[in-house]
Amino acid sequence: MLEFREIEKKWQMEWEAAKAFETNIDDRKKFFTSLVIAYVNGNAHVGHSFTFTRNDVYARFKRMQGYNTLLAQGFHATGEPILGTVERLRKNDQSQIDTFKLYGADDDDLKLFKEHGPEFVAKYWMNRIILTMKSMGYSIDWRRRFVTAIDPCFNRFIEWQYNSLRKKGYVIQGTHPVVWCSHDQSPTGDHDRLRGEGESPVEYTVIKFTLEDDTGHRFIFPCATLRPETVYGVTNIWLKPNTEYVLAEVNNEMWILSREAVEKLTDQLFHVEERGIVHSEDFFGKLCKNPITKQFVPILPLKYVDVSTGTGVVMSVPSHAPHDWVGIKEVLADEEKKKRYNVNSTMLKPIDVVAAEGLDEMPAVAMVEAKKITSSSDPRLEAMTAELYKKEFHTGRLMNNCGDYAGQKVSEIKEHLVQKFKNTGIAAGLWEITDKVVCRCSTECHVKILENQWFLNYSNDKWKSQVKQHLETMRLYPEIVREQFENTIDWLKDKACARKSGLGTKLPWDKEWIVETLSDSTVYMAYYTIAKTVNENNIPATQLIDDVFDFVFAGKGAIESVAKKSGLDETTLKEMKNEFEYFYPVDIRMSAKELVQNHLIFYIYHHVALFKEQHWPKAISINGYVNVHGQKMSKSKGNVLPLIDLIERHGADLVRLNIVSSAEGMDDADWREENINPIKNRLVFLHSLLDKKCIEKNDMDQWLEIQMHKMIKQTTMAYAETKFRTALYHCLFNAVNDIKWYLKRTDNPSNALPKFIENTIKLLAPAAPHFCEEMWNRLGNKSLISLEQWPEYEDVKIIKGESIEKQEEFIRKTLDDIEQIKHLAKKQKPSKIILIIAKSEKFAEKKEKKDQMAFLENSGYFLKKELGAEIEILDSDVITDKHDLIYQKKSESAKPEKPGVVIY
């Protein structure tokens, strides 16, 4: 019996003893990559396995191709996540306790977590992740590891990074909107979030509708909108019914707004003083003035108004907003409301203000009526609204009733229109988050405008231009992702790079700020090149002054001067510089598609800013998410699967093969337990072949050799393009099928079979390294297959073998046809089968027919063995009207590639 776990432990020990993956400078061409830096707030789970395993497969492939391959791994502790887990644990939060226990921590561990705090927790999970990665067989050079925020030497590297960026003008201080956690009193970056990764601030335009009461007091109803250009089509204002609103003095104006909006305005540099509470019911039926059109419109109730978004006051544009049209229909359908609020269908008639390609007049009305929507709570309205807004923004033009902007494209005049409204005092800006964001501390976030905050100046035109130019030179897998990279660079704005709480490196010039999670994980790959020297020599952080990093990474300064200043000897400095110069740049970066919009773009930006052009990244490979049995992985669904549990249950190689073969390109992977056994059966079959007795040669050798060269070529090409699902189809699934066909076609396999197996396991080794080491060893080899040379193919043999392949494919198809006819004729055990070859005139050349006749006759024994019946070959040319009618019909229908079949 094949014991996968025992085999894996054996070869992991062999690799470690041989230091197989410790990569040092030599005279070979190098290849450098690293796994995504692992966050240390828990152990690795199946969601990590897809990207991690793909990266290891590729590194192993390049190593076998002869490259001096370095695969590195570090650990990430920066930000709020670890502090959040410890805080929740100390509060005895059951969800946090369950999560830690799911990943293998016991009660004693949890007690230590509470006592020793975040750094202890980070190191604990780092060590557990290392054990998991070793158990998965990842070919990592562990001498180069580090953990951010906790490792003082790495912190010095980050200090150098930010000092350098600031000198170049890429770190600036200014006033900008950020996603803000009121509990932590700090900006919340993507990796500091429980929910909302990728969400960012977006500016709403607040248009000031006015109402004057009988005493002459003037009130502002501030309508927050993402579509200020549609103000020309407002028919009414919506408030949420039965809701308290706040009367507040905002920048010397009296505003009516939701309670939730008050805190947002205060955090966005508005001067806000509350004056009292008012009720929405007090305003329904009253008229307020549109500051643009000067028309008076009624204030009406709508249940779907979300008081937590914007100001809680909404302008209604029913011609272009499906929600608004449904809301108006609800009001007009209620006679009591119409009378109470003194409104009618004429007052609330939709006003068309935007014309767009492919859309009807009053498109929102048309869309709602077409779908027969009658309720403002209908979930279809959200998608309908998004679709309409997108079309009207990109292709829409403002109509003749839009004043100075009539006839102009929405996409081109929107910013100018907003600025004009602000300049004339009838509008203001209010920032919101594109969707809900929850901090790791469990606090829901909002947007705050920070003064004197430190930002990465991603909007810098020169920097942006350099990044774009370099992207053009990079290989992207799959190529389809290039457009997403380009679009992200285009819209990328300045980003906060520091926060005031959490773990991390302090900004060297402003110690109250800590470099945030996404901002210290952009060029850590460079640190791997020197980490071995730093770790092995126990270099203190105090000696890693900026001059050292400038010398190593930028080639600045004289070695004598840097040695004297830092206290490091020249030999150590040379070693660090040589390591960097040899291994850099990063040859490929592998990551998931959700990181294109942040980490991967920042990765390119920072390399372009800090290093010489020859050290900029060369390639990026993107993959999809990981689902579990077709569902998104989440704790609430109970389908978070710790990776170490899967390894113990199935073995690392089966886990690797199952996850890597489940998807490629941008498609999402899907972990399915039921796929394990079919993969396992193929490995067991390959293993069983080791006991096969072989003769020197037989008639099928040439065919098997052709299949071998094709397999090598197709697998190599797929690996090179990071198409690992395709690669495994060729070197595992199809290879096993070829071997089974070969064994069917010959009673006595020859020495061509061990050669085919040898090349098969070499091709499979990147994905199933332990199994392939065992197979390689059982074949009598003393070396490690992980360090063996990649197989080579010969195109000439593939081309010359096309006729042989064609013959074998002809036999396969003929067998399939016979099986179908047996099924249709309900004769599963025929005594005789007659194959009728097509007429000569149907063949392109006479010799082609003569070859086919001879081949079928030579294959007669095989066909008889497979079908259990006598086989007779007939030529259509000799069939006349004297033969049975069925023979004549089969003769007429027979084709060169499809003989007629008669069964008895």
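## Salt bridges in the predicted model

A search of the whole structure finds 65 salt bridges, a salt bridge being a side-chain nitrogen of Lys or Arg within 4 Å of a carboxyl oxygen of Asp or Glu. The structure is a predicted model, in which local features need pLDDT of at least 70 and side-chain atom pairs count only at pLDDT 80 or more, while totals for chains, interfaces and linings use all residues. Residues are numbered from 1 along each chain as its sequence is written, and side-chain values use heavy atoms, with hydrogens and water left out.

## A buried pair across the chain

R227 and E392 form a salt bridge whose closest N and O atoms are 2.6 Å apart. This pair links distant parts of the chain, 165 residues apart: R227 lies in the loop between β9 (218-225) and β10 (236-239), and E392 in helix α12 (residues 380-395). Helices (H or I, at least four residues) and strands (E, at least two) are DSSP runs, numbered from the N terminus.

Both residues, R227 and E392, are buried. Buried means under 20% relative accessible area, exposed over 50%, and partly exposed in between (1.4 Å probe, protein chains only).

## Pairs with exposed residues

Within helix α10 (residues 335-341), K338 and E335 lie three residues apart, about one turn of the helix. Their salt bridge has its closest N and O atoms 3.3 Å apart, and E335 is exposed, at 54% relative accessible area.

Another salt bridge joins the side chains of E87 and K91 (3.3 Å, N to O). E87 is partly exposed, at 30% relative accessible area, whereas K91 is exposed, at 61%.

## A network

Salt bridges also link E22, D141, R143, R144, K532, E575 and E579 in a network.
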